[in-house]
Amino acid sequence: MRKDKSGKGGTIINIASIYGYRVDQYVPVYQASKFAVMGFTKSLGNIENFNEFGVRVVAICPGFTETRLVVDPKTVIKDTKFKEFTKKQAWQTVEAVGIAAVEVFETAGSGTAWLIEGAKQIEQIL
Ligand SMILES: NC(=O)C1=CN([C@@H]2O[C@H](COP(=O)(O)OP(=O)(O)OC[C@H]3O[C@@H](n4cnc5c(N)ncnc54)[C@H](O)[C@@H]3O)[C@@H](O)[C@H]2O)C=CC1
Ligand SMILES: CCCCCC(=O)/C=C/C=C\C=C\C=C\[C@@H](O)[C@@H](O)CCCC(=O)O
């Protein structure tokens, strides 16, 4: 993909999460891993790298999305407070995230990150 290695350039979309920039008391290791994805995106997608290699790097930050990750019994978190917390969140479908991700692909600059929550309009957060 790298232009300096005879590639045509391209785009990498990293999957972060709201938990890549917002913190609460739940799932701390997961939150730490998503902060890492954000740092990786900003560094790898830095304008200097983009200019040299022609590869755009962006991150998307979905809120709660109806996938196996959050509905599979194996990943259910047995914490009453967390259960109440999840009920109050703005959930969305996988399809809504897909549509929003296409919009990110069409508009985002390298090194940026985008909130996708509750099937609302995308919002740049970094
Ligand atoms: N569902 C949600 O509310 C949100 C999910 N995300 C992120 O979206 C991404 C996708 O998650 P979901 O679709 O929700 O979960 P999912 O559990 O439905 O899908 C995860 C997929 O990753 C695959 N996988 C797991 N470990 C793997 C490995 N070592 N190598 C290759 N494939 C592996 C699984 O087989 C599965 O197909 C994850 O990075 C998750 O953190 C971000 C924000 C919200
Ligand atoms: C506001 C931040 C949203 C970001 C979502 C995300 O990236 C990762 C979420 C990680 C885990 C979510 C697990 C959700 C599980 C719930 O569906 C389940 O634990 C609720 C309890 C179900 C029950 O009936 O006991």
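What follows is a chat about a predicted model of a protein chain with a ligand.

Trainee: What does the secondary structure of the protein chain come to?
Mentor: Five helices and four strands. Going from the N terminus, the order is β-α-α-β-α-α-α-β-β.

Trainee: And in what order do the strands sit in the sheet?
Mentor: β1-β2-β3-β4, as an open sheet with mixed pairing.

Trainee: Which strands stand at the edges, and why does that leave one side of each without a neighbour?
Mentor: β1 (10-15) and β4 (123-124) are the edge strands; each has a single partner strand, so one side has no neighbour in the sheet.

Trainee: How does β1 run relative to β2, and how many bridges join them?
Mentor: They're parallel, with six bridges between β1 and β2, residues 55-62. One to look at is Asn-14, whose bridge partner in β2 is Ala-59.

Trainee: Which strands does helix α1 lie across?
Mentor: β1, β2 and β3 (113-116). Helix α1 covers residues 28-44 and runs at about 155° to β2.

Trainee: Switching topic: which residues surround ligand 1?
Mentor: Ile-15, Ser-17, Pro-62, Phe-64, Thr-65, Thr-67, Arg-68, Leu-69 and Val-70.

Trainee: Which helix gives the most to that shell around ligand 1?
Mentor: Helix α3, residues 68-71, which puts in three residues.

Trainee: And how does the shell split by class?
Mentor: Five nonpolar, three polar and one charged.

Trainee: Back to the whole chain: what percentage of residues count as buried?
Mentor: 21% of the 126 residues. The C-alpha atoms fill a box of roughly 55 × 25 × 25 Å along the principal axes.

Trainee: What share of the contacts with a separation of 6 or more comes from residues 24 or more positions apart?
Mentor: 66% in this protein chain.

How values were computed
Residues are numbered from 1 along each chain as its sequence is written. Chains are lettered from A and ligands numbered from 1 in the order in which they are written. This is a predicted model: local features need pLDDT of at least 70, side-chain atom pairs count only at pLDDT 80 or more; totals for chains, interfaces and linings use all residues. Two strands pair if DSSP finds at least two bridges between them. Helices (H or I, at least four residues) and strands (E, at least two) are DSSP runs, numbered from the N terminus. Two residues are in contact if their C-beta atoms, placed from the backbone, lie within 7 Å. Axes are lines fitted to C-alpha atoms, for helices over the stretch in contact, and angles run from 0 to 180 degrees between N-to-C directions. A residue is near a molecule or strand if its C-beta atom, placed from the backbone, lies within 6 Å of it. Ala, Val, Leu, Ile, Met, Phe, Trp, Tyr, Cys and Pro count as nonpolar, Asp, Glu, Lys and Arg as charged, and the others, Gly among them, as polar. A residue is buried if 20 or more other C-beta atoms lie within 10 Å of its own, exposed if 12 or fewer, and partly exposed in between; C-beta atoms are placed from the backbone.
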